[in-house]
Amino acid sequence: CKWGDERFFDSLPELRFLFSKLDPKTIEGISNDVCQLNSWDAQLEVFNAEISEDKIIKAQKLQSDVAEYLLQRGLGHWINN
């Protein structure tokens, strides 16, 4: 199943809620399943990952883009919930 950008952004609130309720072990299990389903060689680095300045900058840009997307669609209340 492939999600386009629109479907992914529309699903963000549900995904955010889901992952906020899961424990780290469950999240790691889901991460491993995602890697297996996508035939990725390496597991996703969910925990204990080294964080570089470049990764932080990219994460801040993504967070800004998501917030802007939500605000443009009148969903600003999702940002702080």
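Start with Lys61 and Asp65: both sit in helix H3, four residues apart, which is about one turn of the helix. (Helices are DSSP runs of H or I with at least four residues, strands are runs of E with at least two, and both are numbered from the N terminus.) Before going further, keep in mind that you're looking at a predicted model, where local features need pLDDT of at least 70, side-chain atom pairs count only at pLDDT 80 or more, and totals for chains, interfaces and linings use all residues. Residues are numbered from 1 along each chain as its sequence is written, and side-chain values use heavy atoms, leaving out hydrogens and water.

Back to our pair. Lys61 and Asp65 form a salt bridge, with their closest N and O atoms 2.8 Å apart. The term means a side-chain nitrogen of Lys or Arg within 4 Å of a carboxyl oxygen of Asp or Glu. Asp65 counts as partly exposed because its relative accessible area is 31%. (Under 20% is buried, over 50% is exposed, and partly exposed is in between, using a 1.4 Å probe and protein chains only.)

The structure holds two salt bridges, so let's visit Asp54 and Lys58 as well. Here the closest N and O atoms are 3.3 Å apart. Asp54 and Lys58 are four residues apart in helix H3, so about one helical turn separates them. Asp54 is partly exposed, at 43% relative accessibility, whereas Lys58 is exposed, at 54%. Why can such pairs form? Side chains of opposite charge can pair when their charged atoms come close.

Now zoom out. Of its 81 residues, 12% are buried.

What's tucked inside? The largest nonpolar core has five residues: Phe9, Leu12, Val66, Tyr69 and Leu70. A core here is a set of buried Ala, Val, Leu, Ile, Met, Phe, Trp, Tyr and Cys residues joined through side-chain atoms within 4.5 Å. In soluble globular proteins, nonpolar side chains tend to be buried together.

Finally, look at the surface, where Asp5, Glu6, Asp10 and Glu14 gather in a patch of negative charge. Patch residues have over 30% relative accessible area and no salt bridge, with like charges joined within 9 Å and nonpolar side chains (Val, Leu, Ile, Met, Phe, Trp, Tyr) within 5 Å. Asp5 belongs to helix H1 (residues 5-21), and its 63% relative accessibility makes Asp5 exposed.

Terms used:
Areas by Shrake-Rupley, 256 points an atom, 1.4 Å probe, with all protein chains shown as cover. Lys, Arg positive; Asp, Glu negative; His and termini not counted. Charge placed at Lys NZ, Arg CZ, Asp CG, Glu CD.
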